[in-house]
Amino acid sequence: MGVKAFMNQQVRKIFVYLFVILFILSTTSLFSQTSDLNIFYGNLHSHTSFSDGRGTPEEAYQYASKYGDVLAVTDHCYFLKIPVNGQYKTSLTQQAARNATVDGKFVGLQGFEWTAGSGHINVFETLEFISRDEKGDLKDFYDWIIRVKKLAQFNHPGVTFGNFQDFWFVPEADKYVNLIEIGNGNSSSSDTISEEMYENFILALNRGWHLSPTANQDNHRDNWISANNSRTGILALNLTYKDIMDALWNRRTFASEDRNVKLYVYGNENIMGSILYDATQLTLKIKYEDVKDPVQKLEIVSQSGMFEVADVIGKDTFDFSQTLTVPDGYEWYFVRIIQKDGDEIISAPVWVETKTPVKVNYLRMGPEKPRVNQQVTISYDVYNASENTVSGTLVILVNGNVISNENLQLKPYNIFYNKNIVLENLPVGRYKVEFLFDGKNIQSLSFEVSEKTGKTVLIDKLHENEFTEELKKFVDKLEKEGNTIVYSETMLVDYNDVDVIIIPGPSSDGLSFFKDLMPEEVEWLNNFSKKIYILKGSDEEYFNNYLSLIQNAVALNNTKELYETFGLIQSSKDTGPQLPNVAYIDQGHGNDYTKDKLTMLEKYLNTIGYRVVYTQRIEKFEGKYLVLMNGKDYSDEEINNILQFVRSGGTLILTSKSDYQNGGNTEDLNLILDYMNAPVRFNDDQVVDEVNNYGANYKVLANNLRFYSACSLIPYGDFEVLVVSQSARSIDTDGKNDATTVDRVILAGKFKYDKGNVIVLGKAIFSDYDFKYNEDFVKNILFK
């Protein structure tokens, strides 16, 4: 062999050797990304005095580092516009986070919480922020997050704060909103994962969002991470800023009510949070470790169903594997664990999808439980999840037969909402609907058609309809009596096999646009030959409007008349509890006026049949009025009791005070309002009036009412103004530069919250000093 040939042979050997080494290194690197992940425990939602919390960001990070691995300080956006010593709060918080971060010991993250009527959203690691003051619409937020390309988290979805218009889906925003908070609570109880938030998590997944669950404390006091045992488990290579952010961006989290449980879930060797393509089978591996906290129940939950795993019950350490058949081209799978002590842990999903960027999601069927020969409407969204234009054919099959064939051209991230197919005269049997794009199954739905029993009652739920607890109990009883209940899903038209229609009247706090009946709905209802009942809701104007539009409709004023119409007996438990005539007045939180200064108010309430109870602590009260006068330091349990009082139909009267000598407890009171997602908050200012006053500029006269050293109110949405002054002005008396500039001085107003009402006053106006001057307002507006 020549020297040249020998040298070429040696070079080839070296290349082969290097290739093998590189292959081993690459596979080792890939393996380390899944098998060498560590679990760190954090809290991704907390507040400081930079908004309505306690302490500074520096204090928050220092304190939290003793109790966990990661803390995100996410103060409310509308407070962030007020600088501190000329510096932006976002910059100060981010600098505090960087200073607190020590590799291997603790990671501090900075962010903010955007709050609006549609819901609250955390955004992480951004100096730029968006506020509801200027941009309060969900579309505004999605446009913004797409532009800035920052990581975001849906916070505490539900009735109280909103669920983002049923998780309105925007395909491009899905790249950035990667987390969802399904555990939230700052009380000592670790029971933070609620069924409501869990169900909203599933709704969001069904709409197409790729989200990983978190459990956070939403601290407003100086108990960051230590408030309870709830944690967000974060799967990262190391405890560094870079690795933690990489884990959050890639959805490697789990929500836990236990502070030290270890949970790993893999799909085909890919760690949870991953998206797998074109897999027909999924081997799900679950690794669990929590010594002395054994499993009581383990569920594998997917879009197509849920099943329990009995083999692991009673174990506190295990490795479990299950191979599943993937039914179509879009599925997600996650693990839900309930420990013996009741603590709940929920993993991130693993997604299995076709490579085609065209997706079909948010499948809804109306009626949900179809009976023989009923018309079935299946609605869905179809969208392009990529940055490129996609063309192709969408074919829909029912039990293998083509019923729809549509050529589609979808621009980048384009989506068509609420498309539908209608299936007529289905006999009893089982049905499978499949959606094929260019021959690939991208989604499916299975359902069963059963025999008809009793009457079929269609109930409208498309027009901001008011569903009270009493109405829900009536519907349950109607169904138990053998009747079939169906709900309108797309439009109130073309429900052919229906015997009765019930239209619950709209709620007064709903959006007018959604309350309106469409012309085709009115036409179909007027051609409906059977009974239509309209149940009176809180919006009397729309109730009368419906009656004028629908010629043959029968008006019902309450659920009692519904029971009588359907020949059902209404038991006392169906009517719901009647609120007793009790007015609770808080005295235990540094309130402005003590019992001896409220004798005239108490005497008046007694004369109209109310019992007055002075209380040191807000318990689970039942009554018609709860009065909080510039109180402070309410516990999380007390705040929950306040919210429940109003939800049950009570009226909360909430008053503040001016910032003179820092006397107004605006942070504490605004916290209560924030928990209600209120359309108003208290301003940290003092109202003065040089023209209309009763002896000094801070003794303001407005609408013939006396307000002694009041603050102004800042409205945001559906807020009814009761008292406004045209001559008064707002000043920042405490000199902290924390007052919001207002165009007009509002001193009193109210809003609806669930079944109850909240009346907000810049100052209590019913003490013995002011009662006789403000008597008409107190009797006719506040306490009727």
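Figure 1. Leu511 sits in the loop between strand E29 (500–504) and helix H9 (512–515); helices (H or I, at least four residues) and strands (E, at least two) are DSSP runs, numbered from the N terminus. This is a predicted model, in which local features need pLDDT of at least 70 and side-chain atom pairs count only at pLDDT 80 or more, while totals for chains, interfaces and linings use all residues. Residues are numbered from 1 along each chain as its sequence is written, and side-chain values use heavy atoms, with hydrogens and water left out. Leu511 has a relative accessible area of 51%, so it counts as exposed (buried is under 20% relative accessible area, exposed over 50%, partly exposed in between, with a 1.4 Å probe and protein chains only). Together with Phe513 and Phe514, Leu511 forms a nonpolar patch on the surface, with about 360 Å² of accessible area. Such areas come from the Shrake-Rupley method with a 1.4 Å probe, and for residues only the protein chains shown count as cover. Patches are made of residues with over 30% relative accessible area and no salt bridge; like charges are joined within 9 Å, and nonpolar side chains (Val, Leu, Ile, Met, Phe, Trp, Tyr) within 5 Å.

**Figure 2. Lys515 and Asp539.** The side chains of Lys515 and Asp539 meet in a salt bridge, at 2.6 Å from N to O (a side-chain nitrogen of Lys or Arg within 4 Å of a carboxyl oxygen of Asp or Glu). Lys515 belongs to helix H9 and Asp539 to the loop between strand E30 (531–535) and helix H11 (540–549), so the pair ties together parts that are 24 residues apart in sequence. Both Lys515 and Asp539 are buried.

**Figure 3. Strand E6 and its partners.** Where does strand E6 (residues 177–184) lie, enclosed or open? Eight of its eight residues are buried, so E6 is largely enclosed by the rest of the structure. Strand E5 (residues 151–155) runs parallel to E6 and is joined to E6 by three bridges; two strands pair if DSSP finds at least two bridges between them. Ala152 has Val177 in E6 as its bridge partner. Five bridges pair E6 with strand E7 (residues 212–216), again in the parallel sense. Among them, Glu181 is bridged to Thr214 in E7. From E6 the chain passes through helix H6 (residues 195–207) to E7, in a right-handed β-α-β crossover (with the strands pointing away from the viewer, the path from the first strand over the helix to the second runs clockwise).

**Figure 4. Arg364 and Asp381.** Arg364 and Asp381 form a salt bridge whose closest N and O atoms are 3.8 Å apart. Arg364 lies in strand E20 (residues 358–366) and Asp381 in strand E21 (residues 376–384), so this pair ties together parts that are 17 residues apart in sequence. Arg364 and Asp381 are both buried. The structure holds 32 salt bridges.

**Figure 5. Glu690 and Arg729.** A salt bridge of 3.3 Å, N to O, joins the side chains of Glu690 and Arg729. Glu690 is in the loop between strand E37 (686–688) and strand E38 (699–702), and Arg729 is in strand E42 (residues 729–731), so the pair ties together parts that are 39 residues apart in sequence. Arg729 has 43% relative accessibility and counts as partly exposed. Elsewhere, salt bridges that share partners join Glu195, Lys297, Glu299, Glu308, Arg336 and Glu344 into one network.
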